[in-house]
Amino acid sequence: MDFGKIIDRIKNILTTPKTEWPVIAAEPATVNGLYTGYIAILAALPAIASFIKGSLIGHSLFGVTVRSPVGMGIVGMILQYLLALVLVYVMALIINALAPTFGGKKDMVQALKTITYAWTARWIAGIAVILPWIGVLILIVGLVYAIYLFYLGLPSTMKCPADKAGGYTAVSIVITVVLGWIFALIVGSVVGTAAIS
């Protein structure tokens, strides 16, 4: 695990994505290598930030601060992290399956690269949940930028024609949103159940 390489990749994909995507597409990679060398690290950032915000800092409104119990916060953090890892893989399966529909080439490793590096913006922005009010705006900007990165990456990684990348992106993002809501409901119901018991 080379943190210097991870930081360089984050910087490059966020600041110069048009030149970084062809580099990413050409790199040899494996599913295991992407998980252990990048996904497992970045997916932890928003989960840890959510725990810090919810259990240590708390949510304030009209001078009243509410904090989740630390135990419940830890359970929520672990669930959020595990579901993020699962969601990335499921999205890669979907991106891979959709490739021929949009004139692309099926390749599971390239599909995983696509969602992994596009989602970098979302994971980095997820740290901002610690901040009051502005954190939500940063999170939204990160999500929008992640979608843009995804759109830019598809022609390089999945070899789809550039004119079909918009449709490919739209269908993939709709599926991601639906799965994200389902996963959020799972985390919410488990954490909520833990709070009641």
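Helices and strands here are DSSP runs, numbered from the N terminus. The model is a predicted one.

**Close-up 1. The largest pocket, with a volume of about 1400 Å³.** Of the 47 residues lining this pocket, Ser-50, Gln-80, Arg-122, Val-129 and Leu-139 sit closest to its centre. The largest share, 11 residues, is down to α5. Sorted by class, the lining of the largest pocket comes out as 31 nonpolar, 14 polar and 2 charged residues.

**Close-up 2. The second largest pocket, holding about 300 Å³ of space.** Here 15 residues form the lining, and the closest to the centre are Arg-9, Glu-27, Leu-34, Gly-37 and Tyr-117. At least two lining residues come from each of α1, α3 and α6, with α3 giving the most, 4 residues. The lining of this second largest pocket splits into 7 nonpolar, 3 polar and 5 charged residues.

**Close-up 3. Helix α3 (residues 31-42) and its buried face.** The 12 residues of α3 reach 15 Å from first C-alpha to last, close to the expected 16 Å. Leu-34, Tyr-35, Tyr-38, Ile-39 and Leu-42 are buried in α3. Looking down the axis of α3, the buried residues fall within an arc of 140°, so they line one face of the helix. They pack against α1 (3-15), α4 (44-57), α5 (70-98), α6 (108-118) and α7 (120-125).

**Close-up 4. Lys-159, in the loop between α8 (134-157) and α9 (165-196).** Lys-159 isn't a glycine, yet its phi is positive, at about 55°.

Notes. Residues are numbered from 1 along each chain as its sequence is written. This is a predicted model: local features need pLDDT of at least 70, side-chain atom pairs count only at pLDDT 80 or more; totals for chains, interfaces and linings use all residues. Side-chain values use heavy atoms; hydrogens and water are left out. The expected span of a helix is 1.5 Å times one less than its number of residues. Buried means under 20% relative accessible area, exposed over 50%, partly exposed in between (1.4 Å probe, protein chains only). The arc is that of the directions from the helix axis to the C-beta atoms. Contact means heavy atoms within 4.5 Å. On a 1 Å grid over the protein atoms alone, a cavity is a set of points where a 1.4 Å probe fits but cannot get out, and a pocket is an open set with protein on both sides within 12 Å along at least five of seven lines; lining residues have an atom within 4 Å of a point. Grid points are joined across faces, edges and corners, and a volume is the space filled by probe spheres set on the points. Ala, Val, Leu, Ile, Met, Phe, Trp, Tyr, Cys and Pro count as nonpolar, Asp, Glu, Lys and Arg as charged, and the others, Gly among them, as polar.
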